[in-house]
Structures are given as structure tokens and as C-alpha cells.
Amino acid sequence: MNALAARRRHPAAIALLILVGLLVTGGAYAFLAPKEANASAVSADTVAEGKNLFLANCASCHGTNAQGTASGPSLVGVGAAAVDFQVGTGRMPLAGPNIQAQRQDVDKIKFDDQQISSMAAYVASLGAGPSVPDSQYTTVIQPGDQKEAGQDLTNNQRIARGGEIFRVNCAMCHNFAGAGGALTRGKYAPSLTGVTPKHMYEAMVSGPQSMPVFNDQNISPESKQEVISYLKAVDNQTNVGGLTLGNLGPVSEGMFVWLFGLTLLIGCAVWLGKKAA
Amino acid sequence: MSTINADRPADALRAGDRQADQERAESKPLGGIAGWLDDRTGAAKGMSFVLKKVFPDHWSFMLGEIAMYSMIICLLTGAFLTFWFVPSASPVVYDGSYIPLQGVTVSDAYRSTLDISFDIRGGLLIRQIHHWAALVFCVAILVHMGRVFFTGAFRKPREINWVIGSILSMLAIVEGFAGYSLPDDLLSGTGLRAAEGFMRSIPIIGSYVSYFVFGGAFPGEAIIPRLYAVHVLLLPAILVGLFTAHILLVFLHKHTQYPGPGKTNNNVVGFPMMPVYIAKAGGFFFIVFGVIALISALVTINPIWGYGPYDPSPVTAGSQPDWYMGFADGALRLLPGFLEFTAFGYTFSFNVMIGAILLIPIMYTLIGVYPFFEAWVTGDKREHHLLDRPRNNPTRTGIGVAAMTFYIVLFFASGNDLMAIKLHLSINDLTRLFQLLIFVGPPLAFWITKRICLSLQRADRQKVLHGRETGVIWRYPDGRFEEIHAPLTPQERWVLVQHESPEPLVITAETDANGVESPIARKERLRAKLSHFYFKDRVAPPTPSELEAAHHHGDHGVETHEPEAIEAGGAPARETIKADRQN
Amino acid sequence: MNDNETTAHGESGALAPAGGDGALETRSTTELDRFENPGLPPHVHRAADDDPKAAKRAEKQVATLFGLSMLSTLVFLVGYFAIHDDWVFFFPGLGQAKTLNVVLGLSLGFALFFIGIGAVHWAKTLMSDEEVVEERHPLGSSEVERAKAVKVVTDGGESAQINRRPLLKYSLGGALGLFALPFVLQVAGSLGPGNVEELKETLWDPKYNDGKPIRLFRDPERTPIKLSDVTLGSVFHVMPETMEKVYEEGKHVLEQKAKAAVILIRLNPDDIKVQKAKDWGVDGTVAYSKICTHVGCAVGLYEQQTHHLLCPCHQSTFDLTEDCAVIFGPAKRALPQLKITVDDEGYLVAPQGFKEPVGPSFWERAR
């Protein structure tokens, strides 16, 4: 301990301390950071149960008949997909006066799958709207050279086509790797990492909040599946070149080289210019 | 050259080595290949001159070396990349091993960059080393420039080298931008798209320049091969040429040194090239290369496979250039749209031109002329080989920090979208804030920096006159507490008192003997004003008689502080004491 | 002119430091009352200077570092041949990373780094650390040498008779001056003939479709769009039908795309405040150029609730309800609107092309 105390004024001590601090915080964050959840679709329950749940949890903003009030939009015609997306990702019920509803950790989602489906069934009964997608289209295409039944393209080619569609229709808001991006006045396009295929699909068909609608005539169900599979392929891809720095492009690289690269090199230079003991 | 005392134990340890050297020298006076070469080149004369050169030790003198070495690393890895990179924009269908792009039509440049990243062993590593080294290069240049500026190392006789360095710095970012654009990915293509927009904004010839550079309509197939020629041939040749001149001038001028005991304006104190600096500087090359290689092993840079091939229709959120172009991109984000207008049927786009076309040349011109400006204002025409401590030239330091602030505001403005999303702020508010800061920040930074410098000078003065604070508190019999101050050694003191503190120039006589207004006076009035601006606030270095006086007062147990010394705000303890005394 | 002279200080009106007697040499009036440079401090010995054991230890340390470098190089060589391209390994802190890149990079990095650390450590511990003083000398040449140089030049000029034979002087100047022309011509020649009109044209012009209205195609799927496909809040990224021909020919694909990219959005017709914008659309379905009027990025970020279009490059914001006028950011002009109607089969078509040049401004834009 004495040796340690004697060296506490060593120039490297501060650097070491910062490094230790960073490692501890980073480690703690990695430990505490939200993990991906596995939600599975469950068949709908009765509309009546959904209505009760709706009245108890949603009616204060959306009105007792879901006709909308000053504090919440009408839900007539939004479809089951919108309910499943908004409630299933924890965006609704709205947690607080945020500029936009945020995705919540799985353990903070207030309702179980069955409750969500009954609410969805109730809202769907109010007017026609996009329904919860068929699991056929929310199954991630596995990479490979084989073709699936009824497809002209191999799985790899379909994933690549999903990438093209993603870049034209989605990357401008959600960034090339789905890391998210800024919109006007504090709104933002959220990160797509760890979002379930079903929720991605529902977001496309229902157009939540700032997001526009991508109906089946715009991007066909197969193409939506390809987009989702592309994102999952990117997600599952190994870190080819090492740390991705959040996939945020040159800004994070610049920050890294200034904060880390330069510090390290100057540290070496200080050591080099110092007289030996 | 100092002689070495042979009675030192250290030398005793080395005595054997030297003897062996001598024997070898006597038995074989430069034989073998070295002799053969010298017979034909006469290189021995120059060699001994170069190898005996003395370099002072200081970490900040290594910043330029980081730049030099990262440039060499770029040259080495760049040569490797040219073996595989195909500078062609012709479309091909990708069929390499990166699955999410298989079957997509891409350019040959993009395909070959993917091949380097995925199908050539170690290719990705070299590519990442190349790009990281380029980023380090630009960082090191900037930091090195800052060191030279803040220590006044650009003064006579080094003005030419400052100008060369400024040009190098500007060319480095152009070289970087050319390289960044070569892979023809979505991000760099968007950058080129914007660059074409910049060219168009030039009055009269804008659209012609665009057609000329792109060889027709944007994007065309000409730009990639052209940028390639610029990136691997034209600019590297100019960079290496200017860099050689830069280094030769350093040798010619001999290195500057920080003030210190034994260091004067007429000598250079340090270690000889052979062997110390060969080992240190040579070793440092390997350190820089090693660090960059380690970073490249662990951290991705420019994942072009993720961006996808360039296509004018898609775009990615967070489209930014590499950091060294960030300030220009930031300027474009801040310039208001009303700067574009139509007059006489022609369109003037100053909202684009100021940031994209004018900013960089204007900035570097101002940087380049600064030494001449300062020399004119101060009227100082002597050679300077001793560096200034930044605090001892508060106005220059203030100007430097103001310029840095300007740069940093622009730099951060180019990341406004990422700051908005990461800090949960509104991008609109951030942009407005930066627009305000670009005007308010630099003057504020100047003022604050200058005040800090003056305070530091006063603290130095205090330290010289009253000694160093020891942290030991004495209690006197009358209940008074006082911190014991230890006097400085002459060596310690010298650093704090060696500097000059110029006074502002004043015009000696407005009129000549006949009462006629002097023409010189009129011309020099501006200069006098500027000189006043530079030197009106000054803290003179303490003199021996002042120290004497301080000691004298100290002996009688009465502490007298000059008003400025109190203002300098030494230790709070002392102020408490003073308050006590007044009671 | 000798730089070392100070400014003329004897004349009236010259500048001098305050408090001085007018001469710049005496800039410091307290010259006499200054501290003396105490000279180099005594050399402090290092451990290895006095203690043979410490020196031996340092030697071993340096050798170990060099040894580690060799070891790292060996790892690199083995790794290069032994590691398969597809191998993926979990590296703590990196996650699933490509083994080849990490192993090659780390081994190369350490091989270099240890050489450097070893060499510097050697220099610091074992090489003489006694400071050496080298004297400086003024850089300028002496007056005699300057005069000599001037004489060589003037003598040379005399010998070449350049002043006595003006014909030679002027013809040489002419030849050298003209010699630059071919290079200037090469550059200037390829500047033209830039067809500025091309900047104003897009594939939406019916002349590219034999005068017929041009259908709107999905990008990148390349299929026509029906009005009924476009539901409220939808965004379609659109290319003209005429692009098909360009794809077939395979020439100038990107050049045409770069001008023709269009975004198609359906909003509630009542939200559109500008009559022209309403008229040029169908039931609130409107089409605008996707190329930013600032520097040309693709403006694709549509916010369904606020009806704002945001450019991701420099944050120019366009308001769809106001005919895409700029409401924030560095762009000046609104995005050009593309007039659309519906053809007999229910597909969306553009009957007339853009009425103004798309994309960033240029000098002749308004001409």
C-alpha cells in the first residue's frame, strides 16, 4: 500500500485512474444495459376484456370510445398493429411528458402479451386498420445460398435487396446501421437494434409518431421481411473491424482519435521526454 | 560541446565501450561499404554534422514527429492499398464474401474496397491503419501548430517554416478528403454530392468548374480516377516536398527550446542525434506505428460495407465528413439561407460559398500571415530561439484561444445532429446556440484567456518575490497563523524571470520641428494602436532589487503586497492573514 | 535591406516604447536590473549511472522488450497462415470480432510498439543523459558574402550581355511566357463545352417519353404506383418511368438519378395551405424533388405529424404544408414541386416535368 501511496503523484496515476474509472463505468453500463427480449405473438382474447383494459388505462387520453381527446389522438382505424406496437414496446401508456414516446425496457412494460392482444382486438373492432402481421413475414430470413419456397432469389440475395430498400426508405432517418438519427426540435428516429421483427413490421404499417406509413402497396410484405432480415443480419454480423463506436460515422471516429489516440501518443511522448530515475 | 569527466561512475561503466570504439576507428578508418560510399559521395562530412546536431527534450516537440510518422505510415500502407484498389466508377455486380451486399450493382472502386476489407488477408487491417493514421496525421498537425503558435516559435527566423507548415496543414485535409471519397460508398458519395454543390456556388464559373472537375454531369465516371491521381500522386508529391523543406529548415535553424537555466537565445541545450535522438525519435516512430496498429486491430473505421454503394437517392442519417473537414461542414450548417439571392438574373449563393469555398483559404491565409503581422506590430526584428511561455504573451495567447474557439464552435456545429440525439436536445436550439456562439465565443475566450495569463504572471511574480508555498502552517505565540514560504533556487527562479515584457510603442512626436504633421506619424498611428492593444496590460518580471526589497520587508515580519500581487489572488490563507491584520 | 536594423527611430513620428528614450534597442529600461542566467543545473545521476546492477537491469529490460517484439512478429506470421478468414472469436470488450483482423493487428501493433519502447528505454537509461550545448550563429550571411553573391549575379548578367541586348531579354521572356500556354489551354479547353442547360433538365421532361406523361416508379423496386396505393401518411421514394430506358442502356444511371429523385407523400388536402401545391397534386398526394436546394443531399426525412422534410446533411427543413418552403437551416429555396395526375389505369403520372431546375443553386440558374 505504501508503494502505491508513494506513486500517487506519478504523472501516469491520473491517466491510470481515469482508465480504471472508465472501465468500471463501462463494465457497469454493459452489465446494466437493456438486453434483447423475446416476445412472442399470442392469439387474441375477447374484445370485452380489451375494452375494460382500455377504459382503465387509455381512455383518460384517448377518450372512452377511443374517439380521441385534446391530449390523445383518435384510435379509430389505427388497427391492431398500432396497439401491439405502441403498448408492446412500452411506448404506451405514455411514461411522462417527453417530446416523443420512448421504447421501454421489457421489465417496464405494463401488460402481458394476452392483455395487449385483447386491447388490440378491441381497437381493431372500432374500425379497419393494419392488423398484427402474420408470423410468416416476421420470420428472419437466414443467410444462405438456398431458395425458400416460392422465391426467385436466394436468401442472401433477398437480404441484399432488403438492404437496398432499407437504404432508400429508412436509412435517412434511422442511419445506415439502424443506429437512429435526429429529427427536428428534439424528435428523433430511434435505434433499431434489439427491436423484435414483429414490432419493426408493425411500425412500418402503422407509422407511429413522426414515422410515415409504409403500407403493403408501398413495400410489400415480402420486402418488409427482407428489410427486417437485413437489419437482423447487420445486427448479428460480427464486428468485422473491431469496436463499432456506435455505428455513428466519422464523428465518433474523430472523437475517438482526439480523446483516445492523441492522449495515448502524448502520454508516450511525455514518457519519452522525461529523465529516467 | 561539453567535455565528459572521466571520473564519473557512469562513464566508468561506459569506458569499455568507448575504448572499443576507438580501437575500431584506429584499425579501420571508414573502410568497407561506408568508405566506398564516402569515396563517391563525400557523405561523411555531412553525416558528422547531422549526427552531432543537438535536440532539446520536451514532449511537446514530439507532436510534429507524430504528424511526420503518421504521414510515413500513410505512405507505406497507401502503397499497399494501391495494389488492390481499382479507381474506377464503372458498375459491376458484387459477388464477394460480404453477404448483405451480394448481387448488388456497385462501382469497381467500391467492390475493390470491399475485397480489400473481406477477401484479402490482412487487407482490412492495412485499410484501417491507413485511415486511422490519416486521422492522427491531421490531429497531430493541428496540435503541433498550436504548440508552435502559443510558444511563439514562428518568430524570426522561422516565419517561412510557419508558412510551409500552414500550407502542409491545408493540403493534409484536402488529401484526406480525396482519400475519404475514393471508396465510392454512400457516405463519401454524399460528400462528393455536396462538394459538387459547393463548386456550383462559385459566381460566374461555378457550373463550369463542376463540369470540369466531374468531367460532365455529377457524378460521372471521371471523378474517382481523378481523385485517385490527386490522392496518390499529386498531393503526396507536394506534401512530401514541402515536408522535406520543413524538416531541412528545422535542421538549419536548430530547434527552439523552452527557457530554463543555462538555455539562452544563442545556444541549444539537449541531446545529440547520435545516439540519443536516433534511439528516441526512431523508437518513437515504432511507438506511433504500434499504437495506430493496435487501434486498427480493435476499432472499426469507415465501415463502408455498412454504408452501401453510392446512389444519389438514398442517404444516411448523420452524414458527416471526416473530423478534419468538420469545421467547414459546421459552417455550412450555421450559415443562414438569406445569403443566397438573385441579382441581374444571376444567382449568388453565399450561404454555400462562404463556408465551402472561402472559409478554408481565408483561414489559412490569416494563419500564414500572422507571424508577419505580429512582427510588424511589435517592431521586433531580432531572432528568437527561446520559446515564450504562453502566459508571458497574453495577447497572442488570447488571439490563439479565440481562433481555436471559432474553430471548435464550427467543429461541434457539424455534429449538431448527433449531439441532439445523444444529449436529448433539439437540433434547432443547438444550431441557434452555435450561431450565437460563433460571434460571442471568440471575444469571450480572448478576454478570459488574457485575464488568466495575466493572473498566472502575477502568481509567478508572487512566487519569485515571496517564495514557494510549502503547505507548512506555523502558529505564532500571538495566535497568528502563517504559511511558510520557501525561497526558490536560482534555477527555479530563472524560468519565472527570464522573459521580456515589452511596453507599447508610442509615437515620439506627432509633428516635426516646424510644426508640420509628420507623414510617418500618420502611417504609424494604426501600428501604435495595435501595439497598445498587445502590450497595454503587462506584468513586469520581478527584478533583483524588487526581490531584495521583498526580503527586506519579510525580515521585519511585515508582509507588503503590491496591489497587483493581491489581485493575483494567491493562496486564500494569505488573504485571511491580511484580513486579520486589518482587524 | 538588412532586417536586423530596427525601425528608424531618430525621425520624428517614429514609434518607440513608452518610457524609453526613443530607441528600440533599449526596449527594456531595466536591462541592468535583471537576474542572471544561473547556467545549467548540475547533472543528476540516474540509477544506472551509479549502480552497475541497475544498468544491468536496464539492459535486461530493453532486451526483454525487443524479445517481446520478436515474439509478436512470430504470432503475426503464425496467425497469417493459421487463422481462417471465417473465424470469429469473442473478445472481451469487442464482442464477436473477426479473429484474423484482431490477431494480426494486435501482433503487428505490439511488434512495432515494443521496438519503440525498447529503443526509447535504452536511450533513457543507458545512453548519456548529460545535456550537450550547441552554440547558435546568426543565420544571415555576412555583408562580404552578400556583396560577393551580388557580384556573381551582376557579373553573370554582364557576361550574358542581358542588359546590352534587350532583344534577347524580351524574346526569352516571350518564349517562357508562351511556353505556359499549352498547359493553360489543356485545362481551359476541357472546361468547355459544359452544357449548363443539362443542369436544368431531368428525365421527368415528357420529351424523354415521346411527349407522353411519365409514370412514377417506386425506387428501388422499379414498379409503377397507383394513386390508391398511397394512403394517408405514406411516403414513396420515386424515380421516373424513363429511368427504365437508362437502366437498360446502363449509361449515366447515377447522373440521371441524381437529378430525377422525387419523394411522394400523401397528406390531408386541408393541411396544404398553398393552392398551387394542392392543384399540382391529387387528393393531397404531392410530389417534390428529393434533391436539397442547398448542396444536393437527398432530403428524405419526412415527419408524418409535422409534415416537415429534413435534410440529414445540413438540417435544412422544408414545410410540406407551405409548398416545401424552407423554415429552418441553410437552404434558401423551396423544393421544386412535380405536377402529378392520374392516368386512365389509375397510375400516377407526371405530365409536364419540373418547372425550375432541381438541386443546388448555380450562377445561371435563374436564366
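Good morning. A salt bridge here is a side-chain nitrogen of Lys or Arg within 4 Å of a carboxyl oxygen of Asp or Glu.

Please note that this is a predicted model, in which local features need pLDDT of at least 70 and side-chain atom pairs count only at pLDDT 80 or more, while totals for chains, interfaces and linings use all residues. Residues are numbered from 1 along each chain as its sequence is written, chains are lettered from A and ligands numbered from 1 in the order in which they are written, and side-chain values use heavy atoms, leaving out hydrogens and water.

Let me stay with chain A. Its domain assignment gives domain 1 (44-126) and domain 2 (140-236); such bounds come from an automatic or database assignment. The C-alpha centres of these two domains of chain A are 24 Å apart. Contact, meaning heavy atoms within 4.5 Å, links 13 residues of domain 1 with 17 residues of domain 2. The area buried between them is about 1,200 Å², and carbon and sulfur atoms give 49% of that. Buried area is the accessible area (1.4 Å probe) that two parts lose on being put together, summed over both. Of what domain 1 of chain A buries against domain 2, A:Phe85, A:Gln100 and A:Arg103 supply 45%, more than any other three residues. The rule finds 1 salt bridge across this interface.

Chain C is next. Its assignment gives domain 1 (47-132 + 142-189) and domain 2 (197-350), and 53 Å separate their centres, taken over C-alpha atoms.

Strands (E, at least two residues) and helices (H or I, at least four) are DSSP runs numbered from the N terminus, and two strands pair if DSSP finds at least two bridges between them. E8 (residues 285-289) pairs with E13 of chain C over 2 bridges, and C:Ala287 stands opposite C:Leu338.

Finally, chain B. B:Glu65 lies in helix H4 (residues 63-82). B:Glu65 counts as buried because its relative accessibility is 15%, the limit being under 20%, with exposed over 50% and partly exposed in between (1.4 Å probe, protein chains only). Beyond its neighbours within four places in sequence, B:Glu65 contacts B:Ala281 and B:Phe284.
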